[in-house]
Amino acid sequence: MPKIIRLATGLIVDPVTRRALIVRKHSSPIFMQAGGKIEAGEAAFAALQRELTEEIGLNITSDNATPLGQFTAPTANETGHQVLAEVFYIEHSEPVTAQSEIAEILWVDPASLPDIAIAPLSRYQLMPIAARRLGLK
Ligand SMILES: Nc1nc2c([nH]c(=O)n2[C@H]2C[C@H](O)[C@@H](COP(=O)(O)OP(=O)(O)OP(=O)(O)O)O2)c(=O)[nH]1
């Protein structure tokens, strides 16, 4: 049976440099959106607040995060499963710092991605949205 993983993720962009943020955990070779699983009984926005603080030390409020809705994509790490992600668009121009579970943070040009492993949700759905919103496409 295909598994569905419910996620809350941030599409974090810097409008000044026109770059979008992707992260890589120590546990994975693949870059993806910052965020993570929504716990039982937890609201999507609360899950994202928790995950962004844990992963990159970023504290968001509902004033600086705009809901973009739900997106589905194949999972990054396991074949045959899907993620169902609640995505929030966040403009942020200050430095962020990788916290313990994050191995690497990258600010990428969403219209011209580097030649690295990037999760399907990011590569095919969210980076194109970032590119359009930043006027790159
Ligand atoms: N955060 C995030 N996770 C993603 C994306 N795309 C994607 O397939 N995933 C997958 C990777 C993980 O299997 C899961 C996210 O779970 P998580 O952030 O709680 O990370 P985890 O793997 O450390 O959790 P766990 O399985 O060890 O409990 O969703 C994405 O863009 N962002």
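How many residues does helix H1 have, and how far does helix H1 reach from its first C-alpha to its last? Helix H1 covers residues 44-56, has 13 residues and reaches 18 Å, close to the 18 Å expected at 1.5 Å a residue (the expected span being 1.5 Å times one less than the number of residues). Welcome to a predicted model, in which local features need pLDDT of at least 70, side-chain atom pairs count only at pLDDT 80 or more, and totals for chains, interfaces and linings use all residues. Residues are numbered from 1 along each chain as its sequence is written.

**Confidence**
- The chain has a mean pLDDT of 97, and 100% of its residues reach 70 or more; pLDDT is the predictor's confidence in each residue, from 0 to 100.
- For the complex, the predictor gives an ipTM of 0.94 and a pTM of 0.96.

**Overall build**
- The chain holds two helices and six strands, in the order β-β-β-α-β-β-β-α from the N terminus. Helices (H or I, at least four residues) and strands (E, at least two) are DSSP runs, numbered from the N terminus.
- A compact globule of 137 residues would have a radius of gyration near 14 Å, and the chain agrees, with 14 Å. The radius is taken over C-alpha atoms, and the globule rule is 2.2 Å times the number of residues to the power 0.38.
- Along the principal axes, the C-alpha atoms fill a box of roughly 45 × 30 × 30 Å.
- Of the 137 residues, 31% count as buried. Buried means 20 or more other C-beta atoms within 10 Å of the residue's own, exposed 12 or fewer, and partly exposed in between, with C-beta atoms placed from the backbone.
- Among contacts between residues at least 6 apart in sequence, 69% join residues at least 24 apart; a contact needs C-beta atoms, placed from the backbone, within 7 Å.

**Helix H1 and its cover**
- Ala47, Leu48, Gln49, Glu51, Leu52, Glu55 and Ile56 are buried in H1.
- Their cover includes strands E1 (4-14), E2 (19-25), E3 (35-37), E5 (82-91) and E6 (102-108).
- Gly57 follows H1 and has a positive phi, near 65 degrees.

**Around the ligand**
- The ligand has 17 residues around it, of which Met32, Gln33, Gly36, Lys37 and Ala76 come nearest. E1, E3 and helix H2 (120-133) are the elements that give two or more residues to this shell.
- By class, the shell has seven nonpolar, eight polar and two charged residues. Ala, Val, Leu, Ile, Met, Phe, Trp, Tyr, Cys and Pro count as nonpolar, Asp, Glu, Lys and Arg as charged, and the others, Gly among them, as polar.

**Three residues to look at**
- Arg18 sits in the loop between E1 and E2 and has a positive phi, near 55 degrees. Arg18 is partly exposed, because 17 other C-beta atoms lie within 10 Å.
- Arg24, in strand E2, is buried, because 20 other C-beta atoms lie within 10 Å. Beyond its neighbours within four places in sequence, Arg24 is in contact with Ile30, Phe31, Ala103 and Glu104. Arg24 and Ala103 are 79 residues apart in sequence but 5.7 Å apart in space, C-alpha to C-alpha.
- Ala119 lies in the loop between E6 and H2 and counts as buried, because it has 23 C-beta neighbours inside 10 Å. Beyond its neighbours within four places in sequence, Ala119 is in contact with Ile30, Phe31, Met32 and Ala76.

How values were computed: Two residues are in contact if their C-beta atoms, placed from the backbone, lie within 7 Å. A residue is near a molecule or strand if its C-beta atom, placed from the backbone, lies within 6 Å of it.
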